[in-house]
Amino acid sequence: MDGGNVTAEKKGARVLVVDDEPNARSALRELLAEEGFDVQEAADGEEALRLLPGFAPDVVLADVRMPRMDGLTLLQRARGDGVDASFVMMTAHGTVKDAVAAMKMGAENYLQKPLDMDAVVVSLTRALERRKLQRDVEILRERVRDTAGLSKIIGASEPMRQVFELVQRAAPSRATVLVLGESGTGKELVAEALHEGSGRAAGPFIRVNCAALPETLLESELFGHEKGSFTGAIARKEGRFELADGGTLFLDEIGEITAPVQVKLLRFLQNREFDRVGGTKTIKVDVRVVAATNKDLLAEVKAGRFREDLYYRLNVVQIEMPPLRRRKTDLPALVDHFVRKYGALYEKPGARMSREAFQAVLAYDWPGNVRELENAIERAVVLSPDGELLPSHLPPAVAEVRRDGARQLIPGATLAEIEKEAILRTLEVVDGSTSRAAEILGISVRTIQYRLKEYGVRSADTRDEHP
């Protein structure tokens, strides 16, 4: 072990070692201190309980079998007292069942004696990384809760930060906004955020899916109609523009509207007025329009299917929602959110995603974006009998993607080439974080660093460089 180099997670992280064997405690304290940990020790569970409030450890490394108070009781009492430290249990061969029981009670991991110090350091580092991820998720939740209108949008990646900034700038204005992006990226959530962050938040937010209605019904739905204006018009009907007066009208799939509807929409955007179908009275309303499409509207303009003047009226402010494959660093927070959501919905509050399942989630490109991810996790929660989400609980396309990717490499490729591909692709997904890549791949940070030197990858291209 190299005590001179420590990761940001390890440096100064507090570890409480609880073991009734004095020599074992002393050895652990010395070696962990060399690794950069701040270490205290206790001889049993009772002494550990007394130390917990003042020392406030990040991780408790506790033996399962001890006199006076064993590790299981310590874990139970600590949780009852509200201690949020991670627990890693140490066990002799004959007490593995007790260690497994501790994990069911919330322990992070267990290690078998005699201890392998590299395994101890890796286990503690993983526990710290998970705590950091949990804290990051909570900080993100708090931040979006404090940001008007953005509470439903999850993401901290650079593309999403740009979206948040545009929403915050555009929301207070009256400007028409065009939201672009593939299906399932959350365009409607952006429209809601624009409404909730505006001075119209107390007014109505009206949605219309322009692709869901035929031309005649869409025109009536948007602008209303007079009695007798067409077959079936047995009474006057107010359209969505009138219903949205004082608020926001969200026109989803705007690229699907036909030429006559485009003309009427253009008139409204120019003059803030319209006529009902079959009517002669001009109606004025105060409505902000937010439109969205997954089409390339400029290509539609060039093809003659969409009016150029309407395009520029809609495109005063443009916000583009990035596809999920371009913001995979948001996957941990999104996965956490959906696992919690559907764990609660299906009465599996302890639901969690296994490392293997998460590897599959990371490897998949999610052509259906966040909507597809949400559906996949809901399926996994439903199919999981005990709340542990395994690759077999995910849709086949997701579960098989890593195996398919490896299979494409295997003919003519060496194991070293396959390993290199796995390491470099994983580092791309986690923005160069060697610690997070190590957790996903199930190998040590040291191994990744050694391999990177072999590959000639510059240290500036990665983060968390030191174990």
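This is a predicted model: local features need pLDDT of at least 70, side-chain atom pairs count only at pLDDT 80 or more; totals for chains, interfaces and linings use all residues.
1. Strand E8 covers residues 248-252 and runs parallel to E7, with 5 bridges joining the two.

2. Stepping back to the whole sheet, you will find 5 strands in the order E7-E8-E11-E6-E12; the sheet is open and the pairing parallel. E7 (205-209) and E12 (317-320) are the edge strands, and each has a single partner strand, so one side of each is left without a neighbour in the sheet. On average, neighbouring strands are turned by 20° against each other, direction ignored.

3. Do have a look at helix H6 as well. This helix, residues 158-170, lies across E6 (177-180), E11 (288-293) and E12. Relative to E12, helix H6 runs at about 150°.

4. Next comes helix H13, made of 15 residues (331-345). From first C-alpha to last, H13 reaches 21 Å, close to the 21 Å expected at 1.5 Å a residue. Its buried residues include a run from Leu-331 through Pro-332, Ala-333 and Leu-334 to Val-335. Phe-338, Val-339, Tyr-342 and Gly-343 are also buried. Just after the helix, Glu-347 is worth a glance in your backbone check: its phi is positive, at about 55°.

5. Is Ser-435 buried or exposed? With a relative accessible area of 2%, Ser-435 falls under the 20% cut-off and therefore counts as buried. The side chain of Ser-435 also makes a polar contact of 3.3 Å with the side chain of Glu-129.

Technical notes
Residues are numbered from 1 along each chain as its sequence is written. Side-chain values use heavy atoms; hydrogens and water are left out. Helices (H or I, at least four residues) and strands (E, at least two) are DSSP runs, numbered from the N terminus. The expected span of a helix is 1.5 Å times one less than its number of residues. Buried means under 20% relative accessible area, exposed over 50%, partly exposed in between (1.4 Å probe, protein chains only). Two strands pair if DSSP finds at least two bridges between them. Axes are lines fitted to C-alpha atoms, for helices over the stretch in contact, and angles run from 0 to 180 degrees between N-to-C directions. Contact means heavy atoms within 4.5 Å. A polar contact is a pair of N or O atoms within 3.5 Å; within protein, one must be able to donate a hydrogen and the other to accept it, and residues adjacent in sequence count only if both atoms are side-chain atoms.
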